[in-house]
Amino acid sequence: MSSMSFTMRQLLEAGVHFGHHTRRWNPSMEEYIYGVRNNTHILDLRQSVPLLHRALEAIREVTSSGGRVLMVGTKRQAAEKIAETAQKTGQYFVNHRWLGGMLTNWKTISISIKRLKDLDEQLGGEIQGLTKKELLNLTRERDKLERALGGIREMGGLPDILFIIDTNKEQLAIQEANKLGIPIVAILDSNCNPEGVQFPVPGNDDAMRAITLYCDLVGGAVLTGLQAELVATGQDIGEAEEVPMEKGLNEEPLLSEPLELSEVKDNPGPLSVKEPEVEAPAADQVDK
């Protein structure tokens, strides 16, 4: 089974369909909203499913051609999972704060990255001759640069596609990517603006279960693309020092069944009626 496969039920169980309170919506998201339940907007998963498939395929195509994926999520709920996914798949991330010019002024950012590497080398080698105050200042500078640039220190150039969680918080990243013509895959909650996003995916961007699902699917798309690149170049995967990860026999796969289009059309579940029968959002799913 492909690691890019998922079902509508999995999206429901992760709370992807829960938007924000009706007072906090963005009218630009109206086409992606199914209805209202308990003063909370319900996102239309019948649109989210094909749009998420399209976004994952775009990421897979980038990595299969040797491209770079930059994952951006600086909000508290997403920061750790974004970094974990990028590190596991050999991609790049920003999870602390987006620095102005991180894309549009790459030359200056590269200088800061070089400074970070120099500090790592200096602090990792001989530190004799430095006073305690000098050592403390260098360590603080290194830690500050690591938080801001650690996730892109080995990127070596501009990314080929961005994956963003919470477009409201990452507006600067979207503006820079649009200026440079870099495509964007983004999760759009009911309070977000889809403008400037080439691959929008309507979904909750606050719930940990939803964020984990997005990141796992994106990670699967990246690895599928990398494996396709190895096959296309004629490399023997079995001879590689690190082979592609496969689900263990005793490990419960995250995505249990591939999506069938007939399943969406003929059995949309609670979203097939005018008033969707869904549970009220839990406290950790909706930040109202």
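**View 1. Helices α4 and α5 make a left-handed crossing.** Left-handed means that the near helix is turned anticlockwise from the far one by less than a right angle. This is a predicted model, where local features need pLDDT of at least 70, side-chain atom pairs count only at pLDDT 80 or more, and totals for chains, interfaces and linings use all residues. Residues are numbered from 1 along each chain as its sequence is written, and side-chain values use heavy atoms, leaving out hydrogens and water. Helix α4 spans residues 106-124 and helix α5 residues 132-149; their axes come within 9 Å and cross at roughly 135°. The two helices are therefore oblique to each other.

**View 2. Look at the residues where α4 meets α5.** Among those on the α4 side are Ile109, Leu116 and Leu123, while α5 brings residues including Leu135, Leu138 and Leu145 (contact means heavy atoms within 4.5 Å). By class, nine residues here are nonpolar, three polar and five charged.

**View 3. Asn191 sits in a loop between two strands, β7 (184-188) and β8 (199-202).** Is Asn191 buried or exposed? With 17% relative accessibility, Asn191 is buried (under 20% relative accessible area; exposed is over 50%, with a 1.4 Å probe and protein chains only). Setting aside neighbours within four places in sequence, Asn191 touches His20, Arg24, Trp25, Asn26 and Asn168.

View 4. The structure has zero disulfides, a disulfide being a pair of cysteine sulfur atoms within 2.5 Å.

Definitions and conventions: Axes fitted to C-alpha atoms, helices over the stretch in contact; angles between N-to-C directions. Helix = DSSP H or I, 4+ residues; strand = E, 2+ residues; numbered from the N terminus. Parallel < 35°, antiparallel > 145°, perpendicular 65-115°, else oblique. Nonpolar A, V, L, I, M, F, W, Y, C, P; charged D, E, K, R; others polar.
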